[in-house]
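Q: Please take a close look at the paired side chains in this structure. I would like to follow each pair to its place in the chain and then on to the surroundings.

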Amino acid sequence: AGIDLGIIYEYDDKITLAASLIDLGFIRWGSNMEQFEGKGTLDFEGFDLRDISSGGSTDFLQILIDTIRQVLQFSSSENPYFTGLMPKLYAGATYQLLPDVKVSALTRTDFFDRRPHVSLTLSGMYSPLPYLHGTLSYSIMNNRFDHIGVGLAMGGKGGQFYIVADHIPVRWVRETDFGLLWPYNARTVNIRMGVNILFGCDDKGKSRYGGRPGSRSRGKYCPAYD
């Protein structure tokens, strides 16, 4: 069970503020499970390799394993239990720099292992056509400063296709045998794509800023493609 919360506040014609808290909830594990719990302490002070090399303590490792088994008494249980989800807190702002250009800043805080893990993303979006949008982002996360992302969205009211990628490597090396380029240092590259389908936007609805419906100066308000 989990809930997502979010809010969008239009400060003025150019600045939009937003925040959201997602994955606030828990999981109840109740079937096909078995949990183990062990208690005990063991002080290990090392051993002398000369005793093993001379053949005097050939059973040392087995003795150590047997000692650990005796000290750490494990018990099993099939009782249901709960674990929390990993909540994520987003907070950001968007600024309409030019009629076709938006810039934004977004912070993301993951609450994992009872500690906050914060990241920052700066991005810009260019919309040369009403149904075509491109974005470029730079992120600081996981103690690294080389996260680059790109994205493309096509579509308008009713449907939209998008593809985005991040963790794009910034350093490449050329392979000597065939001359191919390979990432110099990369852990993962994320690529996501999908389709957004929107229901409920009405051309006869109110204008965005509360003026006369259908006002040409203000335009129609459709939140998903604002």
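A: A residue counts as exposed when its relative accessible area is over 50%, as buried when the value is under 20%, and as partly exposed in between. These words are used throughout the answer. The model is predicted.

The protein chain contains 2 helices and 14 strands. Of its 226 residues, 12% are buried. Among contacts between residues at least 6 apart in sequence, 42% join residues at least 24 apart.

The aromatic rings come next. Such a pair of rings is described by the distance of the centres and the angle of the planes. The structure has 3 aromatic pairs. One of them joins Tyr 9 and Tyr 11, with 6.5 Å from centre to centre and 70° between the planes, an edge-to-face arrangement.

Phe 26, with 40%, is partly exposed. Tyr 11 is exposed because its value is 53%, while Tyr 9 is partly exposed at 48%.

Ile 8 lies in strand β1 (residues 2–10). With a relative accessible area of 66%, Ile 8 is exposed. Not counting residues up to four places away in sequence, Ile 8 touches Thr 16, Leu 17 and Ala 18. The C-alpha atoms of Ile 8 and Ala 18 are separated by 4.4 Å, although the two residues are 10 places apart along the chain.

Charged side chains form pairs too. Side chains of opposite charge can pair when their charged atoms come close. A search of the whole structure finds 2 salt bridges. In one, Lys 88 pairs with Asp 23, and the closest N and O atoms are 2.9 Å apart. Lys 88 is in strand β6 (residues 88–98) and Asp 23 is in strand β2 (residues 15–29), so that the pair links distant parts of the chain, 65 residues apart. Lys 88 is buried, at 12% relative accessibility, and Asp 23 is partly exposed, at 28%.

The other salt bridge joins the side chains of Arg 108 and Asp 110, again with 2.9 Å from N to O. Arg 108 is partly exposed at 29%, whereas Asp 110 is buried at 15%. Thr 109 lies in strand β7 (residues 101–112). Thr 109 is buried, with 13% relative accessibility. Leaving aside neighbours within four places in sequence, Thr 109 is in contact with Pro 87, Lys 88, Leu 89, Pro 116, His 117 and Val 118. Lys 88, one of these contacts, is also the partner of Asp 23 in a salt bridge.

Elsewhere on the surface, nonpolar side chains gather. Leu 152, Met 154, Phe 161, Val 189, Ile 191, Met 193, Val 195, Ile 197 and Phe 199 form a nonpolar patch that has about 930 Å² of accessible area together. The elements that give two or more residues to this patch are β10 (144–156) and β14 (190–197). The largest share, 4 residues, comes from β14. Ile 197 is in strand β14 and is exposed, with a relative accessible area of 58%.

Strand β10 has partners on both sides of the sequence. Strand β9 (residues 132–141) pairs with β10 in the antiparallel sense over 9 bridges. Here Leu 132 stands opposite Met 154 of β10. The hairpin of β9 and β10 has 2 residues between the strands, and Asn 142 in this hairpin takes a positive phi near 55°. Strand β11 (residues 159–168) also pairs with β10 in the antiparallel sense, over 8 bridges. Gly 151 stands opposite Val 164 in β11. The hairpin of β10 and β11 has 2 residues between the strands as well, and there Gly 158 takes a positive phi near 110°.

How values were computed. Residues numbered from 1 in each chain as written. Predicted model: local features only at pLDDT ≥ 70, side-chain atom pairs only at ≥ 80, totals over all residues. Heavy atoms only, no water. Salt bridge = Lys/Arg side-chain N within 4 Å of Asp/Glu carboxyl O. Buried < 20%, exposed > 50% of the residue type's maximum accessible area, 1.4 Å probe, protein only. Patch = residues over 30% accessible without salt bridge, like charges linked within 9 Å, V, L, I, M, F, W, Y side chains within 5 Å. Areas by Shrake-Rupley, 256 points an atom, 1.4 Å probe, with all protein chains shown as cover. Pairing = 2+ DSSP bridges. Contact = heavy atoms within 4.5 Å. Phe/Tyr/Trp six-rings, centres within 6.5 Å; stacked < 30°, edge-to-face > 60°.
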